[in-house]
Amino acid sequence: MPPVSQLMVPLPVKSVPDCSNVGAELTGKLNKEEIMKWLAKFYQRREIKAAAVENGIDNYIYHQTYLSFRKFCLEDDKLPVDLHVTLSDIIAGACHLDSLLPYFIRHAKQTFPHLECLDDLKKISDLRLPANWYPEARALTRKIVFHSGPTNSGKTYHALERFFNSKSGVYCGPLKLLASEVYYKSNQRGVPCDLVTGEERNFANATDKSPSSHVSCTVEMVSVNTPYEVAVIDEIQMLKDPSRGWAWTRALLGVVAEEVHVCGEAAAIDVVKEILMSASEEIEMRRYKRLTELIIEDGSLGTLDKIRPGDCLVCFNKQDIFWSMRQIEAMGIECAVIYGSLPPGTKLAQAKKFNDPDHPCKVLVATDAIGMGLNLNIGRVIFNSLIKPTTNEKGEKEMDTISTSQALQIAGRAGRYGTQFSTGYVTTLKNEDLPTLKRLLSQHPEPINQVGLHPTAEQIELYAYHLPHANLSNLIDIFVNLSTLDDSLYFICNINDFKFLADMIQHVPLPLRARYVFCCAPINRKIPFVCSMFLKFARQYSRNEVLSFDWLGRQIGLPFSCPNTLLELVHLESVFDVLDLYLWLSYRFQDLFPDASLVRDMQKELDCLIQTGVAQLTRLLINSETGVSSGTSQAVEAEENQHVPSAKKTPYFHNAVNIVNSISSHGRIADRLLSEGLLTPKLLEDLKTEWQREKDNETAHEIVSTVTSPLSIKRSKNEMFKAVKRINRKRVK
């Protein structure tokens, strides 16, 4: 990062307003040209520069202060008396030029206030002993148990058994799906358990909403003040995550529990030991082996024609997912689809369909989102590719081979214990990827060396007290620059998303604590619609105006209908993210975000629409290619509603019709010819153009014949509308 001085924004300095100019009365009016000449000489003197360095003024601040000081002396007609007299004496030759130094230093501290409090700022951002941030946890003699093992080894199962049998406990999971699963399991076993996520709190006792002794939560939401008998921290290797690692560090050091059970990869053992050593705590190790065998196949799949029931094709971007799904369904094989931006309910619905032995869907196409959070009965994992797009620290997109940890996490999903797939298999789609996969799976994950930290709201508030004129993004930069930490053990998590949101709402007048909370919101800054709604939420909050359900409905464009193109499906996914954002903020600002229950109901209905869209994803892809949209296909849907059972009507959306259209014969033939190399994409585009031209000619001819027919003159408006509707339907087909 640049020097801290370059992060400081110089403040303008003005003289104290006074009706009289005492300096001018004592020594007369100053000659501006003489002032410029003497200030230039002052700036060039080596002795002055050396004295400035002794006062903590580097070259950048020295130059900026000189510019500000010169402007102040030249433009202000009523200078402070002592400065006015000194300048007059220097011009008259009555005193040395160096006499200006005290005034220059004073001006520098007014222009850059951090010079007065730099030591205090460094003390606030001293992160070398984060264990000391949690005195309540340090007051206990905690028993730490590390459950280490690969995927499908039962490590989390054993930790949860201790959780279920305890008097009180908290489970900390990486995903809402995992927290919800433990919540349901606990209550099914007769152990009352509450669910706490960033968006809501569900009470086991729904009548009086009294807190239960057990809590299942996402790791960011764990309390470091509430005492428990047992705490379970899942996926502890996430300590190294560049964005969220701070949450696992906080939970590990701060949870107030007599027993702390951590579950994860063996790669995290050493770093966890070292972290807890600073808290004078020791670890009890429990190692587990995989419960089912995992076999790397000798050959790659080569072609999707060899897909079999129980297979999961793993892709690392949506484009590959959509292409692969079309190829598989073109062969008459129904498949489930799971990727990261789908709502949790849709992911669970797709997983349930794939796991159901009586359902015809036997193949899954997914991203690495299956690595954690979903129970899937997978027989074989097939890597479509081993190259995954990532974003570096500068926000630049990069393509790189997946890590050993990622390969083991994903491949380990094959062969789930207690299912029909007692043995798991893994391979690649392409021949050239198989040697790389074998190498990755033969290695152990690299040991984790550093874990994440993040500045707290209290620390930023202290910074704002010392630097009241700095904005939030600027405060974060200064904090990171001045922070002192044990580089061998800790790093500061990526704050680019935080700063992005801070810059977005900088012009919105908000209290610092509220601004900090808004900037912690978990949103995807790559989705413009979500970002624009985030800004609207902040503006409405700043005006102290209630963000009601009706207001929200107008902003997101209710009502919605079942998606007919891929673009419409993606938009519904972004709307779901906006509703998630509303619920997240309502959990923190209940007074101005009061309609959480209504929004939650709407979100469930939206989830159903998205599930409907995903279930007919192939049709959406075809419609996207042929230009079909909701507007042009409403007539078609209205007619099909007569013989297709419609979904339950809701107050928020148009009638969601479950239209299940198989791929047209043209689509199947085209896909097969493309895969066999008998048809090129260029030739396919030419054929599409020719087909469209013929359809346009037929449509134009039918319209002309309809209009010029003698019968058409006698038709009613209703009959004419039906004729146009039939023509549109033919065009869509």
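I take buried to mean under 20% relative accessible area, exposed over 50% and partly exposed in between, with a 1.4 Å probe and protein chains only. The model is predicted, and local features need pLDDT of at least 70, side-chain atom pairs count only at pLDDT 80 or more, while totals for chains, interfaces and linings use all residues. Residues are numbered from 1 along each chain as its sequence is written, and side-chain values use heavy atoms, with hydrogens and water left out.

Entry on the cavity. I searched on a 1 Å grid over the protein atoms alone for cavities, sets of points where a 1.4 Å probe fits but cannot get out, with lining residues having an atom within 4 Å of a point. The count is one cavity of 30 Å³ or more, and the largest cavity holds about 40 Å³, a volume being the space filled by probe spheres set on points joined across faces, edges and corners. Its lining consists of Ile35, Trp38, Leu39, Leu87, Ile90, Ile91, Leu97 and Leu100, and α3 (32–44) and α6 (81–92) each give at least two residues to this lining.

Entry on aromatic rings. I counted 19 aromatic pairs in the whole structure, where rings of Phe, Tyr and Trp (its six-membered ring) pair if their centres lie within 6.5 Å, and planes under 30 degrees apart are stacked, over 60 edge-to-face and the rest tilted. For tyrosine 541 and phenylalanine 589 the centres are 4.7 Å apart and the planes at 50 degrees, so I noted this pair as tilted. Tyrosine 541 is in α22 (residues 528–542) and phenylalanine 589 in the loop between α24 (566–586) and α25 (596–615), so the pair ties together parts 48 residues apart in sequence. Tyrosine 541 is buried at a relative accessible area of 15%, and phenylalanine 589 is buried at 10%.

Entry on glutamate 297. I located glutamate 297 in the loop between β9 (293–296) and β10 (311–314), and its relative accessibility of 16% counts as buried. Leaving aside neighbours within four places in sequence, I listed its contacts as Arg308, Arg380, Tyr425, Val426, Thr427, Leu434 and Lys438, contact meaning heavy atoms within 4.5 Å.

Key:
On a 1 Å grid over the protein atoms alone, a cavity is a set of points where a 1.4 Å probe fits but cannot get out, and a pocket is an open set with protein on both sides within 12 Å along at least five of seven lines; lining residues have an atom within 4 Å of a point. Helices (H or I, at least four residues) and strands (E, at least two) are DSSP runs, numbered from the N terminus.
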